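I am opening a notebook on a structure I have not looked at before. My plan is to take it part by part and write down what I find.

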Amino acid sequence: MTSSPLWRPFFQHAVEPTPPTIVEASGAWLTTDSGDRILDAISSWWVITHGHRHPAIMEAIRKTSERLDQLIFASVTHEPAERLARELVALAPEGLAHVFFSDSGSTAVEVALKMALGTFRNRGEARTRVAVLEGGYHGDTIGAMSVGERGVFNAAYEPLLFDVVRLPFPHPGREQATLDALEVAGRGGELAAVLVEPLVLGAGGMRMYGADTLAELARVAREAGALFVADEVMTGWGRTGALFACEHAGVAPDILCTSKGLTGGALPLAATLATAEIFDAHRSTDRSKTFFHSSSFTANPIACAAALANVGVWRDEPVAERVAALAAHHAARMPRFDGDERFANARACGTIAAVDLRVDDPGYLAEVGPKLRAFFLGRGLLVRPLGETIYLMPPYCVTEPELDRLYDAIFEAAGVVGAPR
Ligand SMILES: *Cc1c(COP(=O)(O)O)cnc(C)c1O
């Protein structure tokens, strides 16, 4: 193999083998250049919802690209963005009335933070602190890293990161400690925003907490005068069983971030939705109150058309039923882990299932991580454990026999690579 100039994401070039070359993606499957097939059990990093290359989404991309490419969105508008914004407002939790487009989950979060701080500054209120959940992940840009969990991923950049209030993760039975910490943090009147991943902390190890706690977090945040920001970049578009995870809790956030599944995963696009209050705080004849943010590819017409097609798929196909069936299939397989000492904390939320392997060196750099990855890939399964946490987050078109294959492989993997004590 000739050496490649590529520098891959989250990839240790000194030790990791060259990844397979994919020449075709279809449904839940990838095909390599040597004709091998790989089951994409993690939806290509949580973005592919219905399946790879859904025909309606591909058709929208093809058709739109015959008429439009990137347009400067500060100066012109176009139908795909106008229509998509209206669709998103109609689908999102109550009260979210405005849509700001960007191009990744990280930028959607940066935009949310800027909207929150800008709102209070424009109102002349000195609120600049942000509270987050311990173990959270919100992206890899500097602001997004600042509000995320600190650790080996960002230790080198620590001097650039701003300080935030960290609330203990609401472990089952200890939720009150989280709410109390938020209540205390809110007393100084400094909190601008409380930012959380609703129900499932993705990159933080697929940690899950209940809808009641989410509702309480939103309530306490509001009581403290802070804006409640839901990072639904991973949880949106059916992942937790509802279109948005906030629906499980009846929570209407002040700001909602969405990306990953927004285009069904086909193209990069993100949106930050905000209430009329937040928009209005930036609407003024005083031009210094403008929301000063843009990205070159904001509201890309082809990506917006892909997202509109995704909304169409949700409307025209029984996606909610597919999601419910997948959730039931995961739930039915959880008892298989009961009493097996090699595993701990088997858990599922909607289309996401996770289990921890008992190892001596838990954490993201757990020795078992790369071994597991290689093990699964050797069986034609794309699974990327987070340290010792093995999780499945397949596209919604995955079949029950395919799921069985994945679960069987998890048990086999525990026997082969696990060193349980
Ligand atoms: C993936 C993710 C992000 C970052 O999205 P990118 O598109 O990778 O920048 C932000 N928040 C959550 C919850 C995510 O899972």
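Predicted model: local features only at pLDDT ≥ 70, side-chain atom pairs only at ≥ 80, totals over all residues.

**Entry 1**

I began with the contacts between domains. I found 19 residues of domain 1 in contact with 19 residues of domain 2.

Next I checked where the domains run. Domain 1 covers 57-316, and domain 2 covers 318-416. Their C-alpha centres are 27 Å apart. I then looked up the area between them. Domain 1 and domain 2 bury about 1500 Å² between them. Of that area, 72% lies on carbon and sulfur atoms.

**Entry 2: polar links and make-up of the interface**

How many salt bridges cross the interface of domain 1 and domain 2? I got 0. Polar contacts gave another count: 6 residue pairs across that interface.

I turned to the elements on the side of domain 1 that touches domain 2. Strand 9 (207-208) and helix 10 (301-316) each supply at least two residues of it. Helix 10 gives the largest share, 3 residues. I also sorted this side of domain 1 by class: 11 residues are nonpolar, 5 are polar and 3 are charged.

**Entry 3: the ligand**

Which residues surround the ligand? I listed Trp 46, Ser 104, Gly 105, Ser 106, Tyr 137, His 138 and Gly 139 among them. The list also includes Glu 197, Asp 231, Val 233, Met 234 and Lys 260.

A polar backbone atom of Gly 105 is 2.8 Å from an oxygen atom of the ligand. For Asp 231, an N or O atom in the side chain is 2.7 Å from a nitrogen atom of the ligand. For Lys 260, an N or O atom in the side chain is 2.7 Å from an oxygen atom of the ligand.

**Entry 4: one histidine**

Where is His 293 found? I placed it in the loop between helix 9 (276-282) and helix 10. Leaving aside neighbours within four places in sequence, I noted that His 293 is in contact with Phe 100, Val 111 and Lys 114. With Lys 114 there is also a polar contact: the side chains of His 293 and Lys 114 are joined at 3.0 Å.

Note on methods:
Residues numbered from 1 in each chain as written. Heavy atoms only, no water. Domains from an automatic or database assignment. Contact = heavy atoms within 4.5 Å. Buried area = accessible area lost by both parts, 1.4 Å probe. Salt bridge = Lys/Arg side-chain N within 4 Å of Asp/Glu carboxyl O. Polar contact = N/O pair within 3.5 Å; in protein donor to acceptor, adjacent residues only side chain to side chain. Helix = DSSP H or I, 4+ residues; strand = E, 2+ residues; numbered from the N terminus. Nonpolar A, V, L, I, M, F, W, Y, C, P; charged D, E, K, R; others polar. Near = heavy atom within 4 Å.
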